[in-house]
Amino acid sequence: MKRKLLAAIAMLFTIIAVAPARADNAVKLRTLVIATGEMAEDLGLAYIKPVLDEMGVPYVVLNARRQDLTPAFLAASSQGVACKAEEAGCVGNYNGVILTDADLVPGFTPAEWDILHNYEKNFRVREAVLSGWPATYADPKPPHGIYLDYGLAYSSSGHNHDARWTIPEGYSKEIFEYVNRNNPLPITSLAFATRPRNDRKHLKDGSIPYVEPLLRTGQGEALLSIVRYMKPDQSAPVREVLISTITNASFLMHSKVLAYEFVNWATKGVFIGARFIHLSAHVDDLFRTNSQWNSALDKENGTYRLSGADITNAVGKQAALRAAHPTAGNFKLDFAFNGAGAVVNPQAMPLAANWKDDLVAAIVANKTHFRFINHTFTHADMDKSPVPADAPCDYRTFTSAEAIRAEITANQNVWALLDLPERNENNRVLITGAHSGLKDQKCTDNPALHPGMFNLQADDIAFDAGGANPLLLQAAATAGVEYLAADTSQKAQNIEQYITQYEDGSKTDRLMLPRWPTDVFYNVTNPSQLEDEYNYLYYQKFVNAGENPCEAQAMVCSPRSYREILASEADTAVRHMLSFSRWPHFFHQSNLAQYDENGSTLQFDWLDAVFTEYEGLFTLPVKNLPYYKIGDHTAESLNARSAKIEAIWNRTTNRVTLSANKAVPHLRVTGLSGGEVYGGQLIGNISVDTKATTYEVDRGLTR
Amino acid sequence: MNVDDLQIFVTGQEKPGGIPGINGIRLSGILLPLLLVFSFSGTGGATDLANAAAEKTDETVRIEQAEDENRKKTQQVNDLKLRGRESLFPEQAKSLAKGYRETAKMIEEQGCDPKPVLDAAAYFEKQSEAF
């Protein structure tokens, strides 16, 4: 018995000793971007970097012009020695490769191409090419084999294509799931149109490129293709590449449409980070009046305040918008309100709601159809006081944080009086009147008082130059405000950032949440007014001053009709949406006025135009978040971006192991089982900390 | 007048009215022979109606095409406007042109025609100088 036991133990030791070490077949969830230069030199890098940043995807940039690619850079043992996937403990450093240029000439040598391709083959990692010449290059040195070949033959060049989607059925659940494949995609930059060769010409490793075009010109030429490198004895491709021969840049609409798939394809849809499409419309100044543009005078004259009928009309228009646009979901307008206009007497304490006001009554009756945001009690200016205090100033200023705090809390009281929804959640959010307090206007705000100033903003002191009012930040901190709205058109306000550079007496910092302005101005209620003011500001004003409007930043080379203005606005807003930013667009209460017998409004004309334009390109549902949630998600993203995340995808077990150098309670990871289904993919929202946790991968290829 | 025109006409007329359970294709099956009879018998009514429908369809197509063109034009204007705000673009375009010149050399060395790439280089050089 004892002898048998000893024999069994000996056999076990033998098995352990002779068993080959098991390969991990693992890669880190990190993308390698191979560029032709720095941001200032490489259009492709400048294009893809903001996409990766916005999505929260970890990446490393290798500048092919200045750095050499080595095997150890791609996969190394703990001793720093290059290793292979089949070796135990060898983990590939990247689960996806993005090339900003197709041939990386002259920085990348044939030897470096071999190193890259060997890594891709060995670790089964995909490659995406953003742009460039569809090269086929043979090594001039012996043995002279072809080291780079995309399997494409040049056909023609052009920069105006109505490209058609031709995604093969086999890829329909994996690639460009989010685009509207029924519509052509206008390509507006230089592109090399190609023909798939699909011949038997092989590379020096014996692989043959097979091309499947995904996007073609009207003549059937390929602009974007998948290349699968096959070997005669293998059914699965040894390498897979997505190549675009279209010039891509961050300012091109077609590039915005294509951007996600370069990342998604390269990473096989498993990556840290995620993307969502957002659209929110903030209607500022509810309960106030707005000045009105007078077309005859080319200046403001008169005022407008919404009526109860306008609100009832907006409820119907909102329902119609949702019904007309499948991606709009349960879209709701957000009203940023000033409670002083909803009470009987703003000076009388305690405040009493003015129920006789039909606007107040209509808002309260329809409150569940909308969302609300604190816009301060009176819309008071929060800018710094002038120095000296008695210097002339276009607006009244506060001299104490307490007085500013009272503006915030009085509006919270009106919220309670009207019993508007989600008050507690919204106490953390503030939009100051005209975003005041975040820059110093130096007391010049009213054009009528400064006829000699062409641009009243010329003397402003920006947020990053010390222009913000510390009293506002102190008041916001003591009132429990966490998120403060900013205007993206203002210097240093177009970035999500914690306000750390001003002392507000608190242990925490306010988070700045930018909002997009539009050209639907605050002082217009109807198309002819908007058309007139638009053409005055962007065209006639320059002509009057002897300047060429075509050369001004707005670049309106001739007056535009309302239809053309809306088209331009929709195009701009869709670009914002396709950048995956959560930032809302802001409007004003005047824009919700009914201007014809059909109940049309500038606000809903804009929304309808934006959704129509968007749905021509994309099919993804649009997220319409309350502002406080935009704040929460922004804070979560900033926290995740500041952490060092370690993630390894073991393809044998199909699980990802994650850890971080600090607690990240909300980390979005695409491709995790159990996550939110969005665009046919699963997006996990997980908590990560220093302790490693493992999650199952689900690439969502059957959804 | 062709069959497709008639089907579009019948569908377009009936759908907004929402006759329950009867869609345009079914109606076309019933009305199509009748309309064909009227059109061939020289009775003006149906022919006029069908012609009007064909004209309407042409008009709709024309409007859609015009809208597509406008959308594309707007997109191009905004592309240009945004490009003008990219302070790094002139240098990036210059680098791209330089890169294509290098590629052209490589293509020539490989025994192929470098013209398309030289054209691309010239295009981006021009773009970089336009700012």
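Reader: What pattern does chain B follow, read along the sequence?

Author: Chain B reads α-α-α-α-α, and its secondary structure comes to 5 helices and 0 strands. Helices here are DSSP runs of H or I with at least four residues, strands are E runs of at least two, and both are numbered from the N terminus. A word on the source: this is a predicted model, where local features need pLDDT of at least 70 and side-chain atom pairs count only at pLDDT 80 or more, while totals for chains, interfaces and linings use all residues. Residues are numbered from 1 along each chain as its sequence is written, with chains lettered from A and ligands numbered from 1 in the order in which they are written.

Reader: What does A:N427 touch, leaving out residues up to four places away in sequence?

Author: A:Q412 and A:G480. Contact means that the C-beta atoms of two residues, placed from the backbone, lie within 7 Å.

Reader: What makes helix 2 of chain A roughly perpendicular to helix 5 of chain A?

Author: Helix 2 and helix 5 (residues 253–266) of chain A pack at an angle of about 65 degrees, with their axes 10 Å apart. Angles under 35 degrees are roughly parallel, over 145 roughly antiparallel, 65 to 115 roughly perpendicular, and the rest oblique. That's why helix 2 of chain A counts as roughly perpendicular to helix 5 of chain A.

Reader: Which residues of helix 2 of chain A meet helix 5 of chain A?

Author: A:Y47, A:I48, A:V51, A:L52 and A:M55 do, and they meet A:S255, A:A259, A:F262 and A:V263 in helix 5 of chain A.

Reader: How do you know that the span of helix 14 of chain A agrees with what it should be?

Author: The expected span is 1.5 Å times one less than the number of residues. For the 16 residues of helix 14 (residues 627–642) of chain A that should be 22 Å, and the end C-alpha atoms are 23 Å apart, so the two agree. Among the buried residues of helix 14 of chain A are A:Y627, A:I630 and A:T634.

Definitions and conventions:
A residue is buried if 20 or more other C-beta atoms lie within 10 Å of its own, exposed if 12 or fewer, and partly exposed in between; C-beta atoms are placed from the backbone. Axes are lines fitted to C-alpha atoms, for helices over the stretch in contact, and angles run from 0 to 180 degrees between N-to-C directions.
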